[in-house]
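Please walk me through this model, starting from the ligand and ending with the overall fold.

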Amino acid sequence: MPAPLIDLHAHSTVSDGTDSPAGLVAAAAAAGVGVLALTDHDTTGGWDEAAAALPAGMRLVRGAEFSCTSPCGREGERDVSVHLLGYLFDPAHPAIVAEQERLRGERYARLVGMTERMAADGYPVDVDAVFAHLPEGASAGRPHLARALVAAGVVGSVDQAFAELLFTGSRYYVPKADTPVRAAVEMVTAAGGVAVFAHALARRRGRVVEPSVIVELAAAGLAGVEVDHPDHAPEDRALLRDLAAEHGLLATGSSDYHGTNKTTPLAAETTAPEVLDALAERATGVDVLG
Ligand code: AMP
Ligand code: ZN
Ligand code: FE
Ligand code: FE
């Protein structure tokens, strides 16, 4: 029997994926994934449904992807938007609960702002259409607006919506007040979790941090970096792998699956079993099993 695949980054309808948490677990099982991390943006709202849907032998790594800002590491340049994966933290930790609630509020308000800017320019979108498929308490994201634009026939795909209208810096882009990444690392760690820097060198999404920023975060408790990610070029994977080895960071791999909002399939990138073991070993927030 082939070893079960380990995919440590996936989204459900509780944020900007298109599979329900239970549907995501089923899709992962069908794709040969034996260990799946559910990492919705700024919420743990899908954990219970995903856990209840686990088939025998499959494991769920409870996680979330936190929206953060970070110094870029270059003199005189403004901060960059980054994502931090938190795994196996206590979801009831007061700082986590408060910050996730604040971030979801920021997400909602900024998406309303973006939608209203587009409507004012004559695009056939409105707030009701954008939020029509968002479950109660879920994290809103630009992909929700992108889908509304596809449904209205403005663009042909979610990717095209990002490329032409929703990219960071577009005239319709509205920023949100994210968490300083160092504070997020400390918060996840204080809640018994393990912090991993997500897609740190995904250059196609915009400006990225210098490696020195990751090294500084390692001193603040960062446990790992996502090395194998669909948006990482081969040379950047090599750079991150070397950085991880040099600074004792875990090197993970994951698909960042979003259902039909992105073309990447589950388990497109995976994590080595010994890396998962080391990650689970560090966590004291919740159990990795079941
Ligand atoms: P937001 O969280 O609202 O800022 O939206 C960013 C999210 O949109 C990211 O987490 C990605 O999942 C997704 N995204 C970013 N760029 C693209 C793209 N070019 N095509 C599809 N989805 C994207
Ligand atoms: Zn996303
Ligand atoms: Fe991300
Ligand atoms: Fe993600």
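Which element gives the largest share of the shell around ligand 1? In this predicted model, that element is H6, with three residues. Helix H6 spans 158–166 and is one of the elements that give two or more residues to the shell, along with helix H3 (94–120) and helix H5 (142–151).

The shell as a whole holds 14 residues, and the closest to ligand 1 are Arg-107, Arg-110, Arg-142, Asp-159 and His-258. By residue class, six of the shell residues are charged, five are polar and three are nonpolar.

Side-chain contacts to oxygen atoms of the ligand come next. His-258, already named among the closest residues, has an N or O atom in its side chain 2.8 Å from an oxygen atom of ligand 1. For His-41, a polar side-chain atom lies 3.2 Å from an oxygen atom of ligand 1. Lys-262 likewise places a polar side-chain atom 3.3 Å from a ligand oxygen atom. On its own, ligand 1 has 500 Å² of accessible area, and the protein covers 90% of this. The space that ligand 1 takes is the largest pocket.

The rest concerns the chain as a whole. The protein chain has 10 helices and eight strands. Its C-alpha atoms fill a box of roughly 55 × 50 × 40 Å, taken along the principal axes. Is the chain compact or extended, judged by its radius of gyration? A compact globule with 290 residues would have a radius of gyration near 19 Å, and the protein chain has 18 Å, so the value agrees with that of a compact globule.

Conventions: Residues numbered from 1 in each chain as written. Chains lettered and ligands numbered in written order. Predicted model: local features only at pLDDT ≥ 70, side-chain atom pairs only at ≥ 80, totals over all residues. Heavy atoms only, no water. Near = heavy atom within 4 Å. Polar contact = N/O pair within 3.5 Å; in protein donor to acceptor, adjacent residues only side chain to side chain. Areas by Shrake-Rupley, 256 points an atom, 1.4 Å probe, with all protein chains shown as cover. 1 Å grid on protein atoms, 1.4 Å probe; cavity = no way out; pocket = protein on both sides within 12 Å on 5 of 7 lines; lining within 4 Å. Sits in = over half its atoms within 2 Å of the grid points. Helix = DSSP H or I, 4+ residues; strand = E, 2+ residues; numbered from the N terminus. Nonpolar A, V, L, I, M, F, W, Y, C, P; charged D, E, K, R; others polar. Rg over C-alpha atoms; globule rule 2.2 N^0.38 Å.
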